[in-house]
Every structure is written in structure tokens, then in C-alpha cells.
Amino acid sequence: MLFKILPKSELAGLFAALSENDIIGPVHKGDNRAGTPLFDFARVTDFDTLRLDFTSTVHSAKRFVLPYRETLSTFRITKDSWEKQVDFNIERPFVLFGLHACDINALNKLDKVLMGSVYPTPYYAAKRRNMFIIGIDCIPLSSCFCRSMGTDTALTGFDLFLTDLGERYFVEIRSAKAFQFLKGLSLSDPADSDHDLYLDKNTAMNAAFVAHVETSDLTKILDLEFESPVWKDWGARCLSCGTCANVCPTCYCYGVEETVALDLSSARKEKQLHSCNLVDFAEVAGGHNFRPESASRLKYRYYHKHRGFVEAFEESLCVGCGRCGRSCLAEINVPDVIASIRHEEMVSDR
Amino acid sequence: MGKEKTYLGVPVYRPRVAFFEFTSCEGCQLQILNREESLLDFLNLVEIVDFREAMTEGSDDYEIAFVEGCISRDDEVVRLQEIRQRAKVLVALGSCACFGGVNQLKNRFLDQGWVHRQVYGEYPIASLPVRSLADIVTVDVSIFGCPIKKEEVEKIVTNIALGKSIVHPKYPVCMECQANENICLFDLGEPCLGPVTRAGCDSWCPNNRAGCWGCRGPADDADPQRLKAIMVKHGFSLETIIDRLDCFGGFVRESARLRDELENVGQTGSVDPGGGI
Ligand code: SF4
Ligand code: SF4
Ligand code: SF4
Ligand code: SF4
Ligand code: SF4
């Protein structure tokens, strides 16, 4: 790792150097009814619309590697045969310009499932391998709990990581590619005062955490509390709407559907992200539904994130970004659910 | 047209299809005629023997009946029963056919005589309270929406032709809305029936920054009581919720229940958000 200092005025130059690729970054999407700005990731062509001071985005950057809907293959149907075309749906490399540590870690977790398994997903890998990632430091919202999940720091999975020191950025350079792109810009070595500012930034971040999830022995506690009545209470509130999975940077479940065109001369196989909270998630051929109650579906969402995945990969499938809790109309959020399972007082204010 | 269709070498049976309308705006049928670029393919797949909106001659020899509209007169009941007898498959086309649609709003008036005088004056029309097709006959396939989406009809017709099953999304509109990365209307201070309404429209209204009015009726496992808790929490009155639930007729039972509650509120003066929130 190389540490450098970049004057803020130089960042537009970096943006320009990268702009032959598709640049995706946080933009201001509007304000909510209380006047709080809402951000989301979008394609950015104008550097001035990039909002690196964003709090969190409503939706994660997941759709750029794992689109909500994606055509997996198309078929040309001839008289008594067919021809299959496969496209991994990537035209140009992506630059993710401004990911917080939680979201970088989320991509690292997705990699484990979608690229590290016996059957890697080529649609995901094609996008993931053609990607340049610039991280940016953050001040957590009251609903963020990445610290509890060990994802408040990104160690891998980025090319560059910026920390805002006021007039300049503290830059961690992780890849040779990143170094190439920075070459023409006026970089300098960090001074002692920059180190101090970096530490101050770190202290401010740590002091801002409100929400917390106690993860010690959590897999075992979840096992013990499998029949806990608490699940019923949460299930009674859940709308089975799937919003939590859609906004989550690490949910990857999907369904596949084949559609034949009206003129019967072509067909298409399409993947659509699904959610374990949806009523038909565990419905199998013949109509039997293994999880007909919302309580059991909600429970399994937590079991996948905080138990099953931990047993398989020794880490949780939740990065503590807090998006699911902020978006859930029924105000169901991870810190409260886990606290209730552990018989603790609920802590977060959403 | 005419020449036999095959799919992967297997001949595809071309069913005889008829379209009928009852009390409705005929907008759903128009949707079918609308997409000219796919109309010919549609006609290749089915043989249309009766379609008053598109042709002059009609025939009684059909296998699939697409029926638009709700039932609001005695003669309509008889005609619908005849159609049911002739058709192998009866398809309810659009929200009027599925739930009564906007027309069933008139059922809310306690004095139906007054409604009749306001609308028809002295004109002698025997108009009944509005019913959906399923209130009278067995419906085999429902195509939801006000109006329906032609793409959906085309998909269903293709599936019928190929013998594939017809499945509607069981989950609510929110799932599509968030896959479209909309900002939730509740965050913008507007009500929305997305959490209880069946998806399939690709969150048409929220995509255009308008809350859902429930035109596709309830999703499987939808619980309007939970939605009510959220609406109340966001400062919307029971009347607002009832108005929305009432609009297309898919939630009549729930809105009746809320109307009872509203009467109780009138007496106690407080709304219980319920739902544990
Ligand atoms: S937990 Fe919340 S967001 Fe997730 S399905 Fe239930 S109601 Fe929807
Ligand atoms: S479960 Fe919730 S808090 Fe955890 S990563 Fe997903 S959206 Fe973020
Ligand atoms: S099972 Fe549920 S929690 Fe796990 S990835 Fe799938 S949708 Fe997300
Ligand atoms: S706008 Fe409506 S449909 Fe979309 S997420 Fe919000 S409640 Fe659901
Ligand atoms: S959003 Fe609601 S009202 Fe609008 S088309 Fe879809 S189901 Fe109908």
C-alpha cells in the first residue's frame, strides 16, 4: 500500500482520466419530506454532479454487477431447432467512484459466493473483473452498524481509497492501475500533520456510531432461539415486500424465467433478483410452500445472513450498511431484530 | 395468417378466440388493438371469431373468451352465463372483470335509487349493484390491471398456445418499485398501496412518482391492516386509506372493515394504528 496526498482540485483531473469508462458514483436524487437529501448511485458524466459527501445511498451499487433483471441468453428458434446466444452484458469497464467501506466489503462478500464457488457466475465475473473502484471515507448515520460487522474498514477490493482531510485527500493506492491513473496529477507524500488529520477523521467516524449489533456467539444464539416467539412478532409486522433484499448490497437470490416471443421465432431466458421474504420464495413445483408464514421467511433472512453464511465463510453476509432498516416501511432493522433475539434492549432509532 | 404455426417442429394449435365487453370503458380491448407492431403476430397465434371493437361479423364458435367489464344489469348476467357455457376457457380481462373496477364505486352509496336518478334520470335502465365476473361464473384466468398491459396478454396467449402455465407475481408492487430504484413515495410524503397490491405492472405509478391505487388487487398474503399501521404512522387518515382501497374493488372486504373502524373512531375519537407499530 502506498499513501499519498492529493489536492482536492486535482480530483476532477482523475475523473477526466477515467472518463473513457462508465463512471458510476453517488448523486443527489432528491429530498425526503423532512428535507433530508437522498442519494443513489448513477452514471455520472459531469464531475460536478458527483456527491462524494453523500451519507449513504438508498440503493446499493449492486445493480451494476448484479442487475435486478438480466437477460442470460436469447434463442433464435428455427423450424425444428434453436440457436443460443449468450451475452455477459458488459460493454465497457466500470469505475465505481465513491464507495464507502461497507459497500466495498459487500462486493468482496459477493465475490466469495459468485466467483469463489465451484461454478462461478460468468455474468457477475465479467463485470467484476472489469471494474475500477475508488473508495471514500464516511461519517456513519445513526442506523449504520458496519463497525459491529467488522466492515467499517476496507482492506481489499479497491484500487484507490480517499479520505477527506478538508483541502486535500489522503489517498491509499492499492493497484498499479490506480498508480497509472494518478501519474499526471500532483501527488505528494503525507506530512505528519496529514497523519494527525487522518487520525482525527478516524476518531470522528468512530464517535458517530449509534447502532450496534452484538455478534459474539451469534450463530449459536440463533440456533438456540430458533423457536423464539420474537420471530412471530417481527413476522406480524413484515409486509413480505422484498424491499430489504432489493436495497441490500449483499442479497443475491434470484429466479429465472423463459419467455417465448409472440411470433414463436425467438425466446429469452431472464434472471430476476428475488427475496427470501417474498411469499413464493420457498414454493416448489406442485405448489407446496415450505415457508408460508412471513415469520418463517423473515427468520430465514436473518439465518442466512448471520448464521449460514458465517458457518460457510467465517464472516457474516451483512455489512451493516443499515439500508434495509432505513427502507423498511415496517421499521424492521437488523440491530433491533438481533437485540430482541438476544433479549437485549433495542437500541437503534431506525 | 392461415399457414400452420409450428414451434420447434411441433404444430401449435391455434385456438378460436372471442372478445366480449360488459360494463366498462373498453380500454382493455383497445390496449390489445393498440400495439400494431405485434397485432399480426397475435392474430397468427389465435383465430379471432368475435371482436366487436375490431370486426363486424361475430361467431358463437369459440374456445377462449376474453371478457372485459363488470356485470351491472340482468341481461348481462344471462349473456355472461351463455359465454361461460360456450367457452372452454374464460378469461377475465382487466380490473372491471376481475373486481368490478372503478364501476363498483357506486356500490358504496347506501341509496342506489339516488344514484340511478343522478345518472340516468327517468331513463328506464335496470342497473344492479356492480359484480365481478367471478361473482357469477367460474373464471379460469384473470388478467389484472386498469388498463391491462398488452405485453402481459401476449405472454399469456403465448403460454396458452404452448401449453405453459400462467403465473402472476404473488408478491407486491414494492418489489418491482425498488428493483426500479424509485424513492419510496412514503418518504416523499405520499400514500401508496404498493405494499399490498399484486405486482406485474412493473410499478407503473410509482415510476411516475404517483402512489399505487391497487388496480391489480391484493397480492398473495397481503395484509391491509399492516399497511394501515404504516399509513397512520405517516399521518394519513383512515378516509384516505379507505378511498384508495375502494377505488378498483380488489380490496372491498378490507375497506368495509376499515369503514366499520372509522365509525368506531367517530365514537372514541382515536385511531388505533394496530400492527404492533
Ligand atoms: S422486513 Fe421490511 S422491507 Fe423486508 S420484506 Fe419485511 S416489510 Fe419488506
Ligand atoms: S442486511 Fe441490511 S444492513 Fe445488512 S448489508 Fe443488507 S441492507 Fe445492509
Ligand atoms: S436468502 Fe434472503 S437474505 Fe439471503 S441472499 Fe437471499 S434474499 Fe438475501
Ligand atoms: S413507492 Fe409504493 S410501491 Fe414503491 S416502495 Fe414505496 S410503498 Fe412500495
Ligand atoms: S402501480 Fe398500482 S395502480 Fe398503478 S398500475 Fe400498478 S397496480 Fe395499478
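Residues are classed here by relative accessible area, with buried meaning under 20%, exposed over 50% and partly exposed in between (1.4 Å probe, protein chains only). The model is predicted, so local features need pLDDT of at least 70 and side-chain atom pairs count only at pLDDT 80 or more, while totals for chains, interfaces and linings use all residues. Residues are numbered from 1 along each chain as its sequence is written, chains are lettered from A and ligands numbered from 1 in the order in which they are written, and side-chain values use heavy atoms, with hydrogens and water left out.

Over all chains, the structure holds 21 aromatic pairs. Rings of Phe, Tyr and Trp (its six-membered ring) pair if their centres lie within 6.5 Å; planes under 30 degrees apart count as stacked, over 60 as edge-to-face and the rest as tilted. A:Phe158 and A:Phe161 form an edge-to-face pair, at 5.5 Å centre to centre and 70° between the planes. Both A:Phe158 and A:Phe161 are buried. The pair of A:Phe226 and A:Tyr303 is edge-to-face because the ring centres are 5.4 Å apart and the planes lie at 85°. A:Phe226 is in the loop between helix 7 (218-224) and helix 8 (230-237) of chain A, and A:Tyr303 is in helix 10 (residues 294-313) of chain A, so the pair ties together parts 77 residues apart in sequence. Helices are DSSP runs (H or I, at least four residues), numbered from the N terminus.

A:Phe226 counts as partly exposed, at 28% relative accessibility, and A:Tyr303 as buried, at 6%. A:Lys299 lies over the face of A:Phe226, 3.7 Å from the ring centre. The charged end of A:Lys271 sits over the ring of A:Tyr254, at 4.4 Å from its centre. For such contacts, NZ of Lys or CZ of Arg must be within 6 Å of the ring centre and within 35 degrees of the ring normal.

The residues around ligand 4 (those with a heavy atom within 4 Å of it) come from chains A and B, so the site is shared between chains. Among them are A:Leu329, B:Cys174 and B:Phe186. Helix 7 (residues 173-179) of chain B gives the largest share of this shell, four residues. By class, the shell around ligand 4 has ten nonpolar, two polar and no charged residues, where Ala, Val, Leu, Ile, Met, Phe, Trp, Tyr, Cys and Pro count as nonpolar, Asp, Glu, Lys and Arg as charged, and the others, Gly among them, as polar.

Notes:
Helices (H or I, at least four residues) and strands (E, at least two) are DSSP runs, numbered from the N terminus.
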